[in-house]
Amino acid sequence: MPARFRLSPALVSMAAGALLAASGSALSANARSVTIERTTFGIAHITAPDWEGLGYGTAYAHAQDNVCQTAEHLLTLRGDRSQFLGAQTAGDFGFVKMPNARIDFFVRSHMDDAALARAAATASPDAQALMRGYVAGYNRYLQDTGMAGLPEPCRGKAWVRPMTTSDLARSTELSMVQGGIGALAGAVLAAAPPVVKTAAAVVPEASIAEIARYSFNANPEGGELGSNGWAFGRNATPDGKGLLLGNPHFPWVGINRFWQVHQTIPGQLDVMGAAGALSPIVSIGFNKDVAWTHTVSTGKRFTLYELKLDPADPTVYWVDGEPKRMAVRTVTLPSGSGGAGDGGAPLQHTFYSTDWGPVISLPRAGLGWTAQRAYALRDANTLNTRSADSWIRMGQARNVSELRAAMGNQGMPWINTIAADRDGNAMYADLSVVPDVSADMLKTCTPSPAAAALLNAANLPVLDGSRSACAWSRDSTASSPGLIAPARMPVVITPDYVQNSNDSFWLSNPDIAPMPGVSPLVGLIGKPQRLRTRSGIMEIRGRLAGTDGLPGNRMSAADLRSVIFRDKNLAGALVMNDLAAACAESASTLTADQAAGCRVLTAWDRTSNAASRGAPLFREFWRAAKDMPGIWRVAFDPAQPVTTPAGLDMATPAIRTAVFKALAEAANTLRVAGFALDTPLGNPQSRLVRGEKIGLHGGEEFEGVLNKLSTQGQTAIDSKGYNVNSGTGYLQVVTFDERGPVAQGLLTYGQSSDPASPRAYDQLPMFAAKQWQPLPFHPADVQAQRQGRPLQLVY
């Protein structure tokens, strides 16, 4: 089917019985066909003769499970949400929600189809064929199914339309910039010429909170995104083979959900794992020789530039003493977008951009547009079309060294890679896209004390936009001008182990000195680590030292599956001894709520298991107490980053009073929500699946639970409990034997995003029971698990 393929709504509505019949008939000698098989839980196995066929079959199978999700995402990519879904209705945009009109304005302003087409043309022939096939495969599914055959959420909807190559290019672009300008879309939309004459003062605490609202890797609590990636080499496993844990923490709803797939081109590719968004290729997975996963990196994807403005005109800025006028563009939404076509004026928004990038405004962070200053954002991932080639070559890699080479084109947008191979090598690599700005340049190009305060307080780099010398450095060995070249990015290959839980490269293995001279924009050294990072290192060290209660001192695949589901609550382990002691000492002076809270938490098992009584009370208590100044009894020590900070400083009267106040408030919060203080966690933290209430184990980022479950947008328990909408999604534990990979995994929310599908949340009961599903990679295993007849499609 040609890449130019278009269908009118009328044609889309027609069921293509002839095509279905043809796909099951005898094939001509010149025909090409792709086969789709399904195994337990609907895992799709795609076998094709070439890259175009692989994309074709992958898109078709993905649409079988997620057509409405894809169709709505195409509305986002086209900037058409307001026209069909209402201008003020909130929609998903990346990892946040925004009114549809704001989404449309940003998309229509940012996307440049001609530039995206030029960038896509630089991809390999294999990648271009893969993309071309993906577009055609999705459109084939629409044609085969017809509008009447679609799931209820999009059945008969006028906005269900065929995909174009431009749509797919836009999808890649939006995925790439989620860590930069996409995350700060609200700040781009807020930029307008000043109505005030002076800048707001920078308040560090306000800056941190404001930046964290937008930028997912600026948030110390991890925001929507997170992940655990562990890899063990031959010195750390019983059989000397590599061993990998992949545990990404992404949203459970929306386009960033994962989908399980096994992709085969005989003689060229045999890879299994998970893909996200509209990816036509496995992005986290394994082949017969190597397994890998990704975690969100701490690297910065953008810098801000402080602009010196002309006092007579705030849309003119100065560079090297020369005036430059901002580009001004007004975007008008189509008629019928909520304001246009109904008697109101068309919806419009005006954007301002500079040679450095679009102008943004974050007044509460001290980054407002005033008569003296404005701020522009330069995103390193704009027009990054290299990821498909990276993942194609990763799927073909035979060891971690070849995997590292596959990422040398710098297609990884905002992620680390953790990997293990059958020869017993483990690798951590941050080969993501980071602006080439050195530590010295951060000092010499700081434009003002306010900018320096943002770097120190919120880790936000602001450079001097009045000097061209402050442009990103250009290394000829980088894949794109202005990026840090791969040779200067941190990589560790070891026979021992590596790990990452979204902190910097510093402690990928605490026993191995970090690579020197790495830019602070990649990650910081000597700073406090997330509780989840510390918990992971503690678990790994305990297993390898043989002090964790399990036999032996090597990490086996069975051990690894058990460890990640222990659900230890590190925050509880760090503070409960001090809290329990203070409860006992103060028993005679406690209020009723404080005394009740003390009784429950003293008996709590300090885990976030579904049966754990008191876990919800601790969550609400720690949510309120964790950010109190001076809360820790033992301060952070860079020489002991895994074990510090620790303890509660209950010896300080003011802190003691505040802690007990937080405990009483937490008890009241649970009571008002309608839950007993000792209710098991699985009671409020549950999901109804086909009439069955399933209690879930796992904890929030701030609790330091490796198995992260998040309630994004919910600030406390309510009468409905905890609305888990993010966290542990796809899981894989992979090792190797003589045949190749031995893998077990889960997809907590199932293959389908359609609530009515039997494949929606069908794996959640296994997750709740801490059970794992063997992933069928070898042909005999696929045959043993196969469900239904294979589907063969001619293309």
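**Close-up views of pockets, cavities and a sheet**

**View 1. The second largest pocket draws its lining from helices and strands.** Helix 5 (100-110), helix 6 (113-120), strand 14 (327-332), strand 15 (348-353) and strand 17 (373-379) each give at least two residues to this lining (DSSP runs numbered from the N terminus; helices are H or I of at least four residues, strands E of at least two). The model is predicted: local features need pLDDT of at least 70 and side-chain atom pairs pLDDT 80 or more, while totals for chains, interfaces and linings use all residues. Residues are numbered from 1 along each chain as its sequence is written, and side-chain values use heavy atoms, without hydrogens and water. The pocket has a volume of about 650 Å³ (the space filled by probe spheres set on grid points joined across faces, edges and corners). On a 1 Å grid over the protein atoms alone, a pocket is an open set of points with protein on both sides within 12 Å along at least five of seven lines, a cavity is a set where a 1.4 Å probe fits but cannot get out, and lining residues have an atom within 4 Å of a point. Of the 29 lining residues, His-110, Ile-181, Gly-357, Pro-358 and Thr-382 lie nearest the centre. The lining holds 16 nonpolar, six polar and seven charged residues (nonpolar: Ala, Val, Leu, Ile, Met, Phe, Trp, Tyr, Cys, Pro; charged: Asp, Glu, Lys, Arg; polar: the others, Gly among them).

View 2. The structure holds six cavities of 30 Å³ or more. Among the 28 residues lining the largest cavity, Ser-175, Gly-276, Ser-279, Ser-283 and Trp-391 are the closest to its centre. Helix 8 (165-176), strand 10 and helix 11 each supply at least two lining residues, and helix 8 gives the most, with five. The lining has 16 nonpolar, twelve polar and no charged residues.

**View 3. The second largest cavity has a volume of about 70 Å³.** Its lining consists of His-73, Gly-94, Ser-171, Leu-174, Ser-175, Gln-178, Ile-255, Asn-256 and Ala-277. Helix 8 gives the most here, with three residues. Three of the lining residues are nonpolar, six are polar and none is charged.

View 4. Strand 19 (residues 426-429) pairs with strand 21 in the antiparallel sense over four bridges. Ala-429 has Val-491 of strand 21 as its bridge partner.

Key: Pairing = 2+ DSSP bridges.
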